[in-house]
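Biologist: I have a chain to go through with you. Can we take the sheet, then the helix packing?

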Amino acid sequence: MFDALPLLPADPILGLSAAYHGDTNPNKVDLGVGVYKTEDGLTPVLQAVSKAEALLLKEQTTKTYTAPAGIAGANLAAQRLAFGSEHSAINGQRIATVQTPGGCGALRLAAELIKKTRTNARIWVSTPTWANHMPLLGSAGIELIEYPYYDFERHNIDFDAMMAALDATLPGDLVLLHACCHNPSGADLSQEQWLAVTELAKHKGFTPFIDMAYQGFGQGIEEDAFGVRVMAEQLPELVLATSFSKNFGLYRERAGSLSIVGEDAAQARAIQSQVLSIARGLYSMPPAHGASIVDKIYHDQALQTLWITELKSMRERISQLRSDLVAALSQQQSSRDFSFIEREHGMFSFLGLNVSQVQQIKQGFSVYMTDNSRINIAGINKSNVDYLAKAICRVI
Ligand code: LMR
């Protein structure tokens with residue numbers, strides 16, 4: 001039965017890890033998969049997470065099934081982190097939140113709900129967007145339409161082009177937006193731009209579908225949620241996928257959540273029942289461990305404070321690395337201005353190399369990045385930044 005299946009190429013992002021690990025060059029640099037790394041190139045368990053895990057281990061009495069929506073305390077944490085504890089949508093019980101297997105699970109579950117609700121729904125996605133958005137959303141059978149976002153020449157958002165494209169949306173369409181730390185460009189909407197997109201959504205009748213995978217890595221937990229909060233305040237409906245992979249460092253635990261804001265509490269309850277029925281048909285219920293850690297940390301004042309401090313230090317280190325790279329590049333050459341890297345946010349930025357230059361830097365210098373020259377800034381450190389800057393200058 002399966003003999004006709006061809007071998008597929010490695011995943012464009014995850015496949016980079018295997019290639020990097022197989023490389024014997026002692027100077028190799030891993031700027032591929034978006035995971036946070038320390039100065040030593042490690043991705044340690046956050047202290048707040050280790051402490052929470054120790055408590056969980058001591059307190060746990062059962063491994064029986066959780067509720068279909070997952071760990072209630074984690075869903076509460078997800079809502080409060082994303083919307084803020086006093087948001088009108090929370091107070092009005094307008095939000096249906098379910099725990100999901102990571103942010104990917106949330107995106108896919110939302111796509112299934114959208115397809116079930118409206119067979120001809122279309123989702124507008126930014127050009128460029130995270131490589132896995134297309135398979136996650138497209139596999140649900142939804143039509144995807146691209147809207148211009150990042151201007152590779154000016155290293156900025158082409159906001160006029162974005163708004164002009166979104167002017168062609170139809171009522172019932174969804175527009176996928178990155179809450180913060182746009183993956184892959186690092187170029188985020190300003191508060192004024194969020195307000196303008198909100199006005200356009202009101203006027204055109206599209207529903208925002210926001211992916212918030214990096215809350216706390218951009219400008220701060222509250223700042224990074226500006227778009228989510230303002231849109232949920234001003235629009236009747238909103239879809240939000242959140243992930244705890246990066247901000248709690250829980251990557252392999254697959255902890256995330258899907259929140260859907262409805263017009264009122266009754267609609268939110270109906271949405272919740274529909275989402276749970278779809279999840280039951282896909283994977284029954286989400287894994288508990290990662291979400292239990294989030295619940296524990298969020299609801300313990302000391303652990304929450306420790307987590308916020310650790311998140312801040314990850315954010316500040318990435319910001320410092322952006323400046324270090326820009327300084328190292330301007331020491332090596334003056335023909336190209338890389339200062340845009342300092343103005344962007346989160347783990348990623350584009351270097352602006354073409355595919356052939358990306359191959360050259362990989363083959364000649366063992367520097368690993370995705371083919372579109374997206375780099376994970378967290379993979380830079382004091383020992384490799386000069387080597388990296390020299391390698392970049394050699395290939396441009
Ligand atoms: C990335 O963009 O590198 C991360 O979100 C990891 C992934 O699953 O692609």
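Biologist: How many bridges join β2 to strand β10?

Modeller: This is a predicted model. Strand β10 covers residues 255-261, and β2 runs antiparallel to β10. Within this pair, threonine 97 stands opposite serine 259 of β10. The count of bridges joining β2 to β10 is seven.

Biologist: Which strands stand at the edges of the sheet?

Modeller: The sheet is open, has seven strands and shows mixed pairing. Its order reads β2-β10-β9-β8-β7-β3-β4. An edge strand has a single partner, so one side of it is left without a neighbour in the sheet. That describes β2 (95-101) and β4 (143-148).

Biologist: What does the twist average from one strand to the next?

Modeller: The value is an average over steps from one strand to the next. It comes to 25°.

Biologist: Which helix lies across β2 and β10?

Modeller: The helix spans residues 265-282. It runs at about 20° to β2. The helix is α11.

Biologist: Are α2 and α12 roughly parallel or roughly perpendicular to each other?

Modeller: Helix α2 covers residues 47-59 and helix α12 covers residues 289-298. Their axes come within 9 Å and cross at roughly 105°. Angles of 65 to 115 degrees count as roughly perpendicular. Therefore α2 and α12 are roughly perpendicular.

Biologist: How many nonpolar residues has the contact of α2 with α12?

Modeller: From α2 come Ala48, Val49, Ala52, Glu53, Leu55 and Leu56. From α12 come Ser292, Ile293, Lys296 and Ile297. One residue of the contact is polar and two are charged. The nonpolar residues number seven.

Note on methods:
Residues numbered from 1 in each chain as written. Predicted model: local features only at pLDDT ≥ 70, side-chain atom pairs only at ≥ 80, totals over all residues. Axes fitted to C-alpha atoms, helices over the stretch in contact; angles between N-to-C directions. Helix = DSSP H or I, 4+ residues; strand = E, 2+ residues; numbered from the N terminus. Parallel < 35°, antiparallel > 145°, perpendicular 65-115°, else oblique. Contact = placed C-beta atoms within 7 Å. Nonpolar A, V, L, I, M, F, W, Y, C, P; charged D, E, K, R; others polar. Pairing = 2+ DSSP bridges.
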